[in-house]
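Here's a quick briefing to read with the model open on your screen. Have a look at the fold before going through the notes.

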Amino acid sequence: MGTAVTTKKKVAKISGLFQMLLAFVGFSEVVRRFFFSEVMPNFKTLILVAALALAANVICF
């Protein structure tokens, strides 16, 4: 709230890059599933992506 504008810009940039990384990981999982179908989703990957999303949201908050 009371931080400098440059600090806010840096945090926003890092947050945006992290969100783009998560989007890329999610998209690559969709492509992988399209070409190499599985019966059950890989729950470890889903938990990892959810944990990374949670971390990004905590950092943004």
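Which residue forms a salt bridge with Glu29, and how far apart are the closest N and O atoms? The partner is Arg32, and those two atoms sit 2.5 Å apart. Keep in mind that this is a predicted model.

**Overall layout**

- The protein comes to two helices and zero strands.
- Its radius of gyration is 15 Å, well over the 10 Å that the globule rule gives for 61 residues, so the protein is more spread out than a compact globule.
- Along the principal axes, the C-alpha atoms fill a box of roughly 50 × 15 × 10 Å.

- Leu22 belongs to helix 1, and its relative accessible area is 10%, so it counts as buried (the cut-off is under 20%).
- Leaving aside residues up to four places away in sequence, Leu22 touches Val49, Leu52, Ala53 and Ala56.

**The charged residues**

- There are two salt bridges in the structure, and Glu29 takes part in the one with Arg32 as well as the one with Arg33.
- Glu29 and Arg32 are both in helix 1, three residues apart, or about one turn of the helix.
- The side chains of Arg33 and Glu29 meet at 3.1 Å, N to O.
- Arg33 and Glu29 are four residues apart in helix 1, so about one helical turn separates them.
- Side chains of opposite charge can pair when their charged atoms come close.
- Since the salt bridges share partners, Glu29, Arg32 and Arg33 join into one network.
- Glu29 is buried, with a relative accessible area of 14%.
- Arg32 is partly exposed at 27%, and Arg33 also counts as partly exposed, at 25%.

**The aromatic rings**

- The structure holds one aromatic pair.
- How are the rings of Phe34 and Phe35 arranged? Their centres are 5.1 Å apart and their planes lie at 85 degrees, so the pair is edge-to-face (the cut-off is over 60).
- Phe34 counts as exposed, with 66% relative accessibility.
- Phe35 is exposed too, with a relative accessible area of 59%.
- For a sense of scale, Leu22 and Phe35 are 13 residues apart in sequence and 20 Å apart in space, C-alpha to C-alpha.

Notes
Residues numbered from 1 in each chain as written. Predicted model: local features only at pLDDT ≥ 70, side-chain atom pairs only at ≥ 80, totals over all residues. Heavy atoms only, no water. Rg over C-alpha atoms; globule rule 2.2 N^0.38 Å. Phe/Tyr/Trp six-rings, centres within 6.5 Å; stacked < 30°, edge-to-face > 60°. Buried < 20%, exposed > 50% of the residue type's maximum accessible area, 1.4 Å probe, protein only. Contact = heavy atoms within 4.5 Å. Salt bridge = Lys/Arg side-chain N within 4 Å of Asp/Glu carboxyl O.
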